[in-house]
Amino acid sequence: MQQGFGFIEIKTSGQTADKTGETNLAATMAAKSQSDVFVVFDHVQKSYDGVSLVVKDLNLSIGKGEFLTMLGPSGSGKTTCLMMLAGFETATNGEILLDGRPINQVPPHKRGIGMVFQNYALFPHMTVGENLAFPLEVRGMGKTEREAKIKRALDMVQMGAFANRRPAQLSGGQQQRIALARALVFDPKLVLMDEPLGALDKQLREHMQFEIKHLHESLGITVVYVTHDQGEALTMSDRIAVFNDGRIQQLAPPADLYERPDNSFVAQFIGENNRLEGTVEEIKGGRALVRLGTGELIDATPVNVQSVGQKTLVSIRPERVEFKPDLLPADAHMIDAEVIEVIYMGDLFRTVLKVAGHEDFVIKSRNTLGQRVLTPGEKIRIGWAPADARALDPI
Amino acid sequence: MADLTAAAPAAAAAATAASAATLTTADGRPLKAALAAAQARAKRRAFLLVAPLLAFVVLTFIIPIGQMLDRSFHHDGFSANAPAVSAWFAENAQGTEPDEAAYAALAEDFKAMRENRTAGEAGTRVNYTLPETRSLFTKTARNADDLAPPFKEAFLAIDDRWDDAAVWQAMRSSSSAYTADFYLAALDMERAEDGSIRRVEENGRIYIYLFAKTFLVSALITLICLLLAFPVAHLLATLPMAKANLLMILVLLPFWTSLLVRTTSWIVLLQGEGVVNELFIALGLIGAEGRLQMIYNQLGTIIVMTHVLLPFMILPLYSVMRVIPPSYARAARSLGATSWTTFRRIYLPQTLPGIGAGSLLVFILAVGYFITPALVGGADGQLISNLIDFHMKNSNWSMAAALSAMLLAGVLVLYWLYDRLVGIDNLKLG
Ligand SMILES: Nc1ncnc2c1ncn2[C@@H]1O[C@H](COP(=O)(O)OP(=O)(O)OP(=O)(O)O)[C@@H](O)[C@H]1O
Ligand SMILES: [Mg+2]
């Protein structure tokens, strides 16, 4: 596994370098448009044990008012980055800037960063009101001002009636709201959230996503959000940083990330994805022809391939695969497929196909009026627009 | 959706209507009875499982404590062996001068006591109330044959103390099997000749002083234990597992060594010619003549008992601290609290159940601790338990029982106070 990822880095280094250059530019421009840069990670590295790096050379600028999500598999270093920003871990190397100031030497309580923890970390021996009063008390705020702020914060999360309850007397979702209110009550400019919705059920999670997003917009705060859940990341973020193995694999707005993944890891990690292995046969006019192991030819957009003869992994989203030839460009290549299984999912059909010897090719077709429903065993031909297939690095 | 909301109140109304009448099961039995029947079997099984332990506790704990409490106010050594004079006391009110009838009854009792050889027993009981009366009883019993009318003169011929009002008062208070005399004595009080209660003479007052000292020393030991244990427990709770385990073994080591070995080592360390004194002299902290007296006195008791009881403080603290997630402290810090404020307002309050449990444990153990003060306490390091031991050795069971009962009451009062102040459900023993 480790070796595999090492391989990616070597093979794609040239390509990713200018790619990241490009995205960084886009990012800085996006950041500029939302006024200026607020948080900067400058060549940050982190090691816990002095043997291995948990965060390897992190470069990231977060704009004022931006909602940035760190997304990645378990152990990829997301929490570590957040903890360095909050001040609970020190960067082994590199510099973190907050509003232009280096903060490596600033203790956590002087950073003025609001934080929402995965387990909420509401103080169990204090009531909700006391929990919210805490950050204001330690700032020496007077009682009347404090109470006004607490009331406002509680109303903001629709928990005004719960000030006298203990955290243990609240449901998970209610605790989550209080944790949110507590992180916001002292008007921080930057709020960090580490998997804040991880413990909630799906429906509540979706509702809270909406509320957090809404608060972010109405308060104009900068949010750095950590999650495992790509759906959450896609719906909430201005930009998403996909982490793997201590590095940012891609930093881009949600649509870019989903539709134009930079490498196989991102393509595989975000959303459902079909992969076809092959060799580049021809690159011409921003289009590549890839010959599969079975000898068939398919179309793709070259992303991580430069020359003919290179091995590649072509990635296609299931909803972009078409089996009705009239919907495809005239010169698009089509290949044979055999229907293995059709799963009815209400709004769409998920069909598993056998393509190029693999029985895990998935297509999704909307359940519209007059949609042709495939039957298992049926032999069809499938194809796609070249722009929807991306020739990425092989794994 | 509209149907649903309309249906909901109707359903609720139906439910309340049903609960107004008694609910029954499908076959018509009342629900409560059916539930009880269904649970009876499970309850029986549960009871059978705990029955052996219950029997053990009753036999070895409840019955002995009950007996102890009984002995502390019930002693029939005199009343059973001197029934005639006891009857005379019952008929004649407090303050009546003993008349010829009283002496006659006493003579009758002495003859019976001589026959049954029980004068010592009766004398012992009176002796508890008025010292040095046992010999009077045995002497009189030996000469019981000389007792002939007029009895008063006959008694005075044997010993002239027989018209002493104090003796008669002591016999009067012994004449009832149930007595508060032992509790009075345990409170440094006694009955005057006229039956009123007064404090004993200045130099005879020992118990209240000892009780106070025991509670104070125990409180001091508890405090020292808390101060020493808190950082250790915190370290244990935050250290990586492997190191924490090693430290834990060190903490538990005292448990695995014999108490006598531990105490002996402390004697070796602390005695006049001991390691600590030699070290101080070598370091020039004290002169050779100024050797510190650190053992066979109060200081020795405190040092050694602190050591013995320290694990009882560390363990509950540790078990509480271990489950406090570090995210609380982090949350507090991120909210703007300094590390001291975080400790005082977030960490410390959450360790209260451990502090409470540990303090209660150490205090209760210290209050009843007997072996350490006996071994290293010298003259001034003795606590109330050593006095209880003394009375037990002298077979004064009633006095020992009264003192123990008062100790028990004191601890229960503390327990009650703790419950009122902190709440007993806020206690974590492990
Ligand atoms: N305090 C620590 N000491 C040593 N290693 C640590 C420590 N905290 C994290 N690590 C290691 O650092 C790596 C990254 O951890 P981190 O918690 O940042 O991952 P994450 O991306 O937040 O994962 P998850 O999604 O599971 O929360 C992991 O391999 C983890 O084992
Ligand atoms: Mg994490």
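Start at ligand 1, where a polar side-chain atom of His228(A) lies 3.1 Å from one of the ligand's oxygen atoms. Keep in mind as you look that this is a predicted model. In the side chain of Lys78(A), an N or O atom is 2.7 Å from an oxygen atom of ligand 1. Gly75(A) takes part through its backbone instead, with a polar backbone atom 2.8 Å from an oxygen atom of the ligand. On its own, ligand 1 has 630 Å² of accessible area, and the protein covers 58% of it.

Now widen the view to the residues around the ligand.

Next, turn to the place where chain A meets chain B. On the chain A side, 23 residues are in contact with 17 residues of chain B. For chain A and chain B, the buried area is about 1800 Å², and carbon and sulfur atoms give 65% of that.

Which links can you pick out across this interface? Five residue pairs are in polar contact between chain A and chain B, with both residues of each pair at pLDDT 80 or more. Strand E6 (113-116) and helix H3 (128-137) of chain A are the elements that give two or more residues to the side touching chain B. Of these, H3(A) gives the most, with three residues. Sorted by type, the chain A side has 16 nonpolar, three polar and four charged residues.

Charged residues bring us to salt bridges. Side chains of opposite charge can pair when their charged atoms come close. Between chain A and chain B there are two salt bridges. In one that you can look up, Arg330(B) pairs with Glu89(A), and the closest N and O atoms are 3.7 Å apart.

Counting over all chains, the number of salt bridges comes to 38. One of them joins Lys149(A) to Asp187(A), where the closest N and O atoms are 2.5 Å apart. Lys149(A) is in helix H4 (residues 143-156) of chain A, while Asp187(A) is in the loop between helix H5 (172-184) and strand E7 (190-194), so the pair ties together parts that are 38 residues apart in sequence.

Finish with two details of the backbone. In chain B, the peptide bond from Pro149(B) to Pro150(B) is cis, with omega near -10 degrees. Pro150(B) sits in the loop between helix H6 (134-142) and helix H7 (151-158) of chain B. In chain A, Gln158(A) has a phi near 55 degrees, a positive value in a residue other than glycine. You will find Gln158(A) in the loop between H4 and H5 of chain A.

How values were computed: Residues numbered from 1 in each chain as written. Chains lettered and ligands numbered in written order. Predicted model: local features only at pLDDT ≥ 70, side-chain atom pairs only at ≥ 80, totals over all residues. Heavy atoms only, no water. Polar contact = N/O pair within 3.5 Å; in protein donor to acceptor, adjacent residues only side chain to side chain. Areas by Shrake-Rupley, 256 points an atom, 1.4 Å probe, with all protein chains shown as cover. Contact = heavy atoms within 4.5 Å. Buried area = accessible area lost by both parts, 1.4 Å probe. Salt bridge = Lys/Arg side-chain N within 4 Å of Asp/Glu carboxyl O. Helix = DSSP H or I, 4+ residues; strand = E, 2+ residues; numbered from the N terminus. Nonpolar A, V, L, I, M, F, W, Y, C, P; charged D, E, K, R; others polar.
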